Amino acid sequence: MKLDLKKYDLPVALFLILNPLIGFSLFFIYIYFYEVPASIWILFLVMCAATNLSITAGYHRLFAHRSYETNALARFLLLVVGSSAFQGSALKWSSDHRRHHAFIDTDKDPYSIEKGFWFAHMGWLFLKSSVDLEIKAPDLEKDPMVKNQDKYYLVWSILSGFLVPLLIGWLMGAPVAGLIILGSLRIFFTQQSTFFVNSLCHTLGKQTYSKEISARDSVIVAFLTHGEGYHNFHHQFQYDYRNGIKWYHWDPTKWVILVMRVLGWAKKLKTIPQQEILKAKLNAEAKWLENKGYSQEKIEQLKIKILEAQTQFRNLKLEYKLKKDMWKQMSEDKLAELRSNSSDRLTEMRANSTERINEFKHQISELKLQVDELKLRMEKAKVEIKFSMQEWRIYLNNAASFA
Ligand SMILES: [Zn+2]
Ligand SMILES: [Zn+2]
């Protein structure tokens with residue numbers, strides 16, 4: 001069989017093969033003769049996390065999906081550290097990734113899982129047909145920093161990916177260990193973490209929000225990918241800056257974005273309304289129940305019951321907050337104003353102050369009654385949600401046990 005070299009993207013393929021090959025060989029030779037300082041190992045962990053997070057928070061959620069906005073300094077740092085990952089320029093990476101979202105599981109998806117686990121993981125990177133796709137990201141092409149990183153990508157990546165590790169190693173008294181461990185090995189491990197997003201995230205876990213696409217939610221993969229493991233959610237709601245929506249979901253990328261917001265570096269973080277997320281989850285489960293032979297009418301009724309209970313609870317919560325604020329405002333400000341002893345109104349107010357105070361007291365207690373009533377109604381709505389969800393879960397469990 002003749003090997004047709006023309007179909008391979010040789011520079012990319014050679015880097016993917018030679019970097020770990022040379023890196024690991026040199027590493028074993030190095031540790032045979034020398035000891036690696038502990039500081040290098042600590043820096044290795046820190047730099048691995050920084051490299052991956054600049055891909056997930058930078059390349060992925062900022063550039064490819066525009067799920068939040070940043071200042072120039074944050075963008076610059078994300079681009080510099082992102083370059084050190086040797087995963088291409090942000091422009092090219094984002095363009096490929098947007099294609100992946102638009103054409104998921106089809107022939108036009110550059111790393112389609114339909115072509116196998118290995119192809120989606122890194123096989124696609126060896127082939128010109130999947131790597132050399134035209135760049136289509138007009139919004140990003142307008143960003144001069146992104147454009148510059150794309151144009152001079154080799155310079156950006158060699159400086160940040162190999163030269164900086166060499167320098168750091170030199171500062172720690174072990175320049176060669178810096179180059180091998182903080183350069184080559186760091187690149188290998190962080191590349192594998194990113195590659196898992198295209199392979200494992202489309203293989204392992206639950207299809208919570210859509211069973212029609214291969215993307216899956218898995219906490220194990222979230223650990224391996226700095227939070228990208230909630231991939232079914234991400235494919236369904238790609239503009240949300242979070243992938244793990246619950247506070248306890250392992251999504252360090254989301255936490256990094258939140259820290260950037262605290263620092264004043266990030267703003268306009270996009271989130272999908274809770275109601276829409278619940279609706280997608282219920283729709284996916286409803287379809288599954290229908291496929292199991294449950295009555296479409298009954299499923300629809302149950303689904304509507306949950307959604308209505310949720311909407312009612314949300315509306316009551318808003319009304320409760322509004323009334324409570326009004327009540328607080330009235331109690332504090334108005335009474336203080338009535339009792340204030342400033343200006344000419346004092347005499348006038350003294351004359352009828354008791355009457356007015358009583359009037360306000362009455363209004364305030366009326367409002368307080370309304371607030372209490374709303375609180376009760378809210379509690380009731382909460383119970384309604386709980387019951388309707390329980391009923392729904394009984395259906396799901398029954399269907400699962402008969403599967
Ligand atoms: Zn995907
Ligand atoms: Zn994405």
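Which helices do the buried residues of α8 pack against? I started from that question.

I am working on a predicted model, in which local features need pLDDT of at least 70, side-chain atom pairs count only at pLDDT 80 or more, and totals for chains, interfaces and linings use all residues. Residues are numbered from 1 along each chain as its sequence is written, while chains are lettered from A and ligands numbered from 1 in the order in which they are written.

**Entry: helix α8.** I took helices as DSSP runs (H or I, at least four residues), numbered from the N terminus. I call a residue buried if 20 or more other C-beta atoms lie within 10 Å of its own, exposed if 12 or fewer, and partly exposed in between, with C-beta atoms placed from the backbone. In α8, residues 144-151, I found V146, Q149 and D150 buried. They fall within an arc of 100° seen down the axis of α8, so they line one face of the helix; the arc is that of the directions from the helix axis to the C-beta atoms. P144 and K151 are exposed on the other side of α8. For contacts I used C-beta atoms, placed from the backbone, within 7 Å. The buried residues of α8 pack against α2 (38-64), α3 (72-83), α4 (90-102), α7 (138-141) and α9 (153-171).

**Entry: nonpolar cores.** A nonpolar core here is a set of buried Ala, Val, Leu, Ile, Met, Phe, Trp, Tyr and Cys residues joined through C-beta atoms within 7 Å. The largest has 26 residues, and A57, Y59, F63, L78, A90 and I257 have the most contacts inside it. At least two residues of this core come from each of α2, α3, α4 and α13 (252-262). α2 gives the largest share, 7 residues. Another core, of 12 residues, lies apart from it and includes Y209, V221, A222 and F233. I also listed the contacts of A90: leaving out residues up to four places away in sequence, A90 touches Y59, F63, L79, G82, V146 and Q149.

**Entry: α10 and its partners.** I fitted axes as lines to C-alpha atoms, for helices over the stretch in contact, with angles from 0 to 180 degrees between N-to-C directions. α1 (10-33) and α10 (175-198) pack at about 140° with axes 9 Å apart. That makes α1 oblique to α10; angles under 35 degrees count as roughly parallel, over 145 as roughly antiparallel, 65 to 115 as roughly perpendicular and the rest as oblique. Residues of α1 that meet α10 include G23, L26 and F27. The axes of α9 and α10 come within 7 Å and cross at roughly 140°, which makes α9 oblique to α10. In α9 the contact residues include G161, F162 and P165, and in α10 they include P175, V176 and A177.

**Entry: C48.** C48 lies in helix α2 and counts as partly exposed because it has 18 C-beta neighbours inside 10 Å. Its C-alpha atom is 9.4 Å from that of L185, 137 residues apart along the chain. C48 touches R186, F189 and T190, not counting residues up to four places away in sequence.

**Entry: positive phi.** I noted two residues other than glycine. D105 has phi near 65° and lies in the loop between α4 and α5 (117-121). H226 has phi near 60° and lies in the loop between α11 (219-224) and α12 (231-236). Is each buried or partly exposed? D105 is partly exposed, with 17 other C-beta atoms within 10 Å, and H226 is buried, with 27.

Definitions and conventions
Two residues are in contact if their C-beta atoms, placed from the backbone, lie within 7 Å.
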